[in-house]
Each structure stands twice: as structure tokens, then as C-alpha cells.
Amino acid sequence: MTENKILLASANVLDVYQGESRLQHDVYIEGNTIKEVCPHGQLSFGEDVEVVDCTGKTIMPGLMDCHVHLCMDPACADPAVIAAKSDADLTIDAINHMDALLKNGITYVRGMGDPRNIDIVLSQAKKEGKIDGPDILPCGKLICMTGGHGWQLGDEVDSPDEMRKAVRKLLKAGAGHIKMMATGGVMTRGVKTTSTQLTYEELKAGIEEAEHAGIKTATHAQGNAGIRNAVRAGIHSVEHGFYLDEEIVSWMIEKGTFYVPTLVAVYEILNQKDSLPSYLVEKAEVAKDAHRASFQLALKSGVKIALGTDAGTPFNQFGSARDEFLYMIEAGMSPVQAVRSATCIAAQLLDVEDRFGSIAPGKAADLLILQNCIYDEPGTIKAPFVVYKGGKRYV
Ligand SMILES: [Zn+2]
């Protein structure tokens, strides 16, 4: 079979590193890869090339969502209901969610907790071309303390040795990164977001095991003491981070720790408070202002912030990266920073920067064709756009 050859002609092409839009450029794609990016009209090409006129349009890299739960359901606030589903049902749901993500321009995701390692299987199936959807960096089950936040989706451990065992089991299953729960969270009844959960020693053991295998670790961490434990222990990314402070942020900069704020997760709970259990809404209310202040502190201090949504949590749809992008701008990011957060910085966190997150020869042809320049009009992210994944058009 001959490879597809596509010329996206005369577009404004984003250079996410420079924060510039290169006017009237062509992007030439062969198979699943970008082969050339150059000023319009410079390339000569044969009749077998499909030419797509993109005059006036902007091309950006596909969005990367660093925090999704493929098997969860935005219409279900109870993780126990998710965990009780059969593997077949969870897989069907997850494949539908992958479809929604791709149609919303999300071409790469990081799985952040899955009751039965379904995301590991789907990641492999995607790589082998058996299914469509975003590429996935899967974690399989998350790891928490007994009864800790997210226990319905995880393995429960209560010592550094048990932690080592849990990480080794996930590595054996094929996890691409490890998620550990340093604090309580919003969705677990009877657990405070500020309560410390896995200990420093347990986190440290988990990080060591992951590093032996050459993979990264992430922590769900909302309360201050738990975030401290995780960052001190050497975690690679802090998720949510409701209660950061100056000292933690200085450690994050020193160690190169990423921050994945997931602002949309809290906003969606507050937007729909009448249809959710009160314990959940109350916790989101309490956290909201601190969360925003933490985001702003991290931003002004220069912490690497990668876009993530927590898609799958209540009312948080697969595709909410488009909303998170705007929430981050509303909370203080420039459009250039928000684009980086959703592309090259996310790719750095996922260790795929050599192939994803920017537009250049040799990179994957994961592209969005937007109606307007996203740097000038960030709201264009909410308007309909064209999606290419691996050189194939989906929307
Ligand atoms: Zn999550």
C-alpha cells in the first residue's frame, strides 16, 4: 500500500517553542509523519499528493491531556460503580472515550488510574493499529494506602515493601508510568483533600522502583503536607496541587517537577453542584480559591505546567482539554504559555518530545487546523476544527 501524501498549504503554522506563528507555510506529510515545513510555494510535488488549502487557517500540534481516566464516566460520581463493571464494559466505555478525545483534538493522553489495567491494553492496541484514538501513556491501577483516595481504582499498600511489590506488578503488566496517592481527594466519601495518605517512605520506595525501570511517577496530591512528602521524595509530577506554597514551588523548580493543575475538574463540580452529593461539592468549594492561588504561584515562579483535565470525573467530559486551556488563560497564563502547556511541555512530561508536541520534520502528523490564530484568539479552541492523527483526518 502506498503511503498517503498530504500537503497542508498556505497556513499559519505555530512554532510552539518560539511562541510564533509562521505565516503562509506549507506542512508536507507522508504516512504518519511530517516531512517538511517551509514557506508556501517552495515545495515541488507530484500528482499523488493531496493538497489541502489552508489559507487563513492556523495549524497547531494536537492537544495532549496529561490526566485522564479512560474507564470512568463523567455521568457517574461513584467510583465503586465504575469498579463494579465488567472488563468488557469498561473497555467499550474507554474506546468510546478515546473516540471523543480524538474528535476534540486530543491526540495524546496520560492514563491516571484504571480499575483493571485496561488502559495498558488499549495503549498497546493503539500502537499496533488495532484501534483508533489518542496515543496513551498508561499507568494501569493507581497505588494508594488501604482505604485511601481512589482505592476503588487501585492497589492498596501499607509499607515501603508493599509499595515496591505493587510497582513491580504494574511494571510487569506494562505500565508506562506510576501514579501514587499522597493525599485524600474530592471524590472519596469520608476522606479530606488535605489528609496525608501514602507516607514519604512509601512514596520514596515507589519512585525508586519506577526509576530503576526508567519510568516516571505522578502523584495525586492536594493537601500541603502530602505534596511536600511527594516532592521531597522526588516525584516527577504533582497533580491538582491545591495547597502549594513558596517552599514547595522552589523545590519543584530545583528538581524539575511538573505541575498538572486540572482546574476544570473543580469547576465542573461547582458548575453542576445541584446534581452531585454534598460531600463532593463542599470539598470542591473549600479548595477552589486555594487551587487558583496555587496555580498562579506556580505560574509566576516558573514551574513547568502541563495541561491535564481529570476527564472522567463528574461532568468532566472527554474533550475538556479545550476548556482547561481557556481556564488556564483566565487564571493568568498567556495564550503562548497555554499552548506550550498543552503541547511541548506535556510531551516533555510524557517523555515523547522527540516525536510529539510540535510541528517539524520527523514529528508525528498529529495536527489541528484551526479557524483563527490561537495566539490572537484563544477562544478559537472552542470552535470546530479539523483533526489529523498520525496523518489521517478524523474530523
Ligand atoms: Zn484523576
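A: Helices (H or I, at least four residues) and strands (E, at least two) are DSSP runs, numbered from the N terminus. Start with Ile 6, which lies in strand β1, residues 5-15. The model is predicted: local features need pLDDT of at least 70, side-chain atom pairs count only at pLDDT 80 or more, and totals for chains, interfaces and linings use all residues. Numbering runs from 1 along each chain as its sequence is written.

Is Ile 6 buried or exposed? A residue is buried with 20 or more other C-beta atoms within 10 Å of its own, exposed with 12 or fewer, and partly exposed in between; C-beta atoms are placed from the backbone. Ile 6 has 23 C-beta neighbours inside 10 Å, so it counts as buried.

Now its partners. Contact means C-beta atoms, placed from the backbone, within 7 Å. Set aside the neighbours within four places in sequence, and Ile 6 touches Ile 29, Val 49, Glu 50, Val 52 and Gly 391. Gly 391 sits 385 residues away from Ile 6 along the chain. Yet the C-alpha atoms of Ile 6 and Gly 391 are separated by 8.0 Å.

Next, look at how β1 pairs. Strands pair if DSSP finds at least two bridges between them. β1 and β5 (58-61) run parallel, with 2 bridges. Asn 12 has Thr 58 of β5 as its bridge partner. β5 also pairs with strand β16, residues 367-370, in the antiparallel sense. That pairing has 4 bridges. Here Pro 61 stands opposite Leu 367 of β16. Thr 58 and Met 60 point one way from the strand. Ile 59 and Pro 61 point the other way. Residues of both groups are buried.

The bounds come from an automatic or database domain assignment. Domain 1 covers 5-61 + 358-393, and domain 2 covers 63-349. Their C-alpha centres lie 30 Å apart. How many residues does each domain give to the contact? Domain 1 gives 17 residues and domain 2 gives 15. On the domain 1 side, β5 and β17 (386-389) are the elements that give two or more residues. By class, that side has 12 nonpolar, 2 polar and 3 charged residues. In this count, Ala, Val, Leu, Ile, Met, Phe, Trp, Tyr, Cys and Pro are nonpolar, Asp, Glu, Lys and Arg are charged, and the others, Gly among them, are polar.

Both β1 and β5 return around helix α11. Among the elements that cover its buried residues are β1, β5, β6, β15 (304-305), α10 and α12 (344-349). Why call α11 largely enclosed? Because 6 of its 8 residues are buried. They are Pro 335, Ala 338, Val 339, Arg 340, Ser 341 and Ala 342.

Follow that cover to α10, residues 321-330. Its buried residues are Ala 321, Arg 322, Glu 324, Phe 325, Tyr 327 and Met 328. The list includes Arg 322 and Glu 324 as well as Phe 325 and Met 328. What do they pack against? The answer is β6 (63-68), β7 (106-111), α8 (263-271) and α11 (335-342). After α10 comes Gly 332, and its phi is positive, near 135°.

Two of those neighbours, β6 and β7, belong to a sheet. This open sheet has 3 strands in the order β6-β7-β8, and the pairing is parallel. β6 and β8 (135-137) are the edge strands, each pairing on one side only. β7 is joined to β8 by 3 bridges.

From α8, the contact uses Leu 263, Val 266, Ile 269 and Leu 270. From α9, it uses Leu 280, Val 281, Ala 284, Glu 285, Ala 287, Lys 288, His 291 and Phe 295. By class, this contact has 9 nonpolar, 1 polar and 2 charged residues.

Cross from β1 to β5 through the parallel pairing. Then go to α11, whose buried residues are covered by elements including β1, β5 and α10. Finish at α10, whose buried residues pack against β6, β7, α8 and α11.

Key
Contact = placed C-beta atoms within 7 Å.
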